[in-house]
Amino acid sequence: MTINFYFVLVLLLGCLFAFTNGFQDGSSVAASPIASRSIGMWQGILLTAIFEFLGALLGGSQVASAISGITNYPRSDPFLCVLACALLAAVGWNFLTRLAKVPSSSTHALVGGLIGAIFASTGSFEYIVWGNFNALIHPTGVCKVITTLFLSPLIGFGAGYFTLHLLQFLLSRATNRVNNALKSLQLLVLPILAFGHGANDTQKVMGVVVMAMSAAGMFGHQNPLASSESIPLWVRITVGAFMVLGVICMAPGILKRVGLGIFKQRPVHGFASEFASAVVVLTGSITGGPVSASQVIASTVMGVGYANRRKGVHWLVAREMAWAWFLTIPCSAAFAFFLFRLFFSV
């Protein structure tokens, strides 16, 4: 088998990962406005799909650079095998959590898959760029990814909490007719969140595809992620299209778990959680922080629910989600390790 075969394999698995990311995180993106009955199911899917695709096309390359920056593995033939196992492990985890109806982090799964596959290939962590946790302002490598992934849910919870309190203060004298305005506003907020998610999560796949192209010798000696123009347009269109297909195949179980399982949302809660999530996810995309949209959205819903009525939050559901978040990296790493040793060890 030639190096071109392994590149095609990585590309196909990357597209499949983008598809699973679409139904995993895309379901969370549209959960609040649909669950609060602010918009209809197909209206939410259509808006999410369109702006996810626009995010893929226009979202830049900073998140892709962050993903490629977690490893200095030589860009050569064996690296394509590592990327294939990492993607397959992440795809497997996404399907597993869909079956369990638990929103999980596709980003955690991809990072865990990369770490596990690299360790299986080399027997050490020498090609993992860990970075430095002390540099919280400008972290690098795995530390940047992990810092962003673990801080963003906390920020999301706080953003949801304060957003609802601010809305309650501003609307303290409003009548029930304000619900119609809040429903209409979600038609503006949902596209912003979908654009931010499309810009952030598709770039993770783009980063892997560009690393694969570099390993296959398609970029020569230049830095493939030195600028946004270095991500070929065909890569952006392909990854964005598969993300959109995933959104169209939205997971009803995840949508219901995020939208209603944490607490029952009304239009004011749906707007608060959607607005807070959009701010956090879009900020992550602009700054190059690879956030997990599903984590951010679920945590903002928890924050809004806690601000509304502490006892109204179904904390057992929240605990199940938290366990899934913490288990994703080690489980996907172990799966990738097993796959590499199964298919490529001699």
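Biologist: Which helix does Ile248 lie in?

Modeller: Ile248 lies in helix H9, where helices are DSSP runs of H or I with at least four residues, numbered from the N terminus. This is a predicted model, in which local features need pLDDT of at least 70 and side-chain atom pairs count only at pLDDT 80 or more, while totals for chains, interfaces and linings use all residues. Residues are numbered from 1 along each chain as its sequence is written, and side-chain values use heavy atoms, with hydrogens and water left out.

Biologist: Why is Ile248 called partly exposed?

Modeller: Buried means under 20% relative accessible area and exposed over 50%, with partly exposed in between (1.4 Å probe, protein chains only); Ile248 has 41% relative accessibility, and therefore counts as partly exposed.

Biologist: What makes up the nonpolar patch on the surface?

Modeller: Met41, Trp42, Phe242, Leu245 and Ile248 form the patch, with about 500 Å² of accessible area together. Helix H3 (41-58) and helix H9 (233-248) each supply at least two of the residues, and H9 gives the most, with three.

Biologist: Where is confidence lowest, and where is it highest?

Modeller: With pLDDT being the predictor's confidence in each residue, from 0 to 100, the mean is lowest in helix H10 (residues 252-261), at 66, and highest in H9, at 92. The protein averages 81, and 87% of the residues score at least 70. Where pLDDT is low, the predicted coordinates should not be read in detail.

Biologist: How many aromatic pairs does the structure hold, and why is the pair of Tyr73 and Phe79 called stacked?

Modeller: The structure holds 11 aromatic pairs. Rings of Phe, Tyr and Trp (its six-membered ring) pair if their centres lie within 6.5 Å, and planes under 30 degrees apart count as stacked, over 60 as edge-to-face and the rest as tilted; the centres of Tyr73 and Phe79 are 5.1 Å apart and their planes are at 20°, so the pair is stacked. Tyr73 has a relative accessible area of 7% and is therefore buried, and Phe79, at 0% relative accessibility, counts as buried too.

Notes
Patch = residues over 30% accessible without salt bridge, like charges linked within 9 Å, V, L, I, M, F, W, Y side chains within 5 Å. Areas by Shrake-Rupley, 256 points an atom, 1.4 Å probe, with all protein chains shown as cover. Salt bridge = Lys/Arg side-chain N within 4 Å of Asp/Glu carboxyl O.
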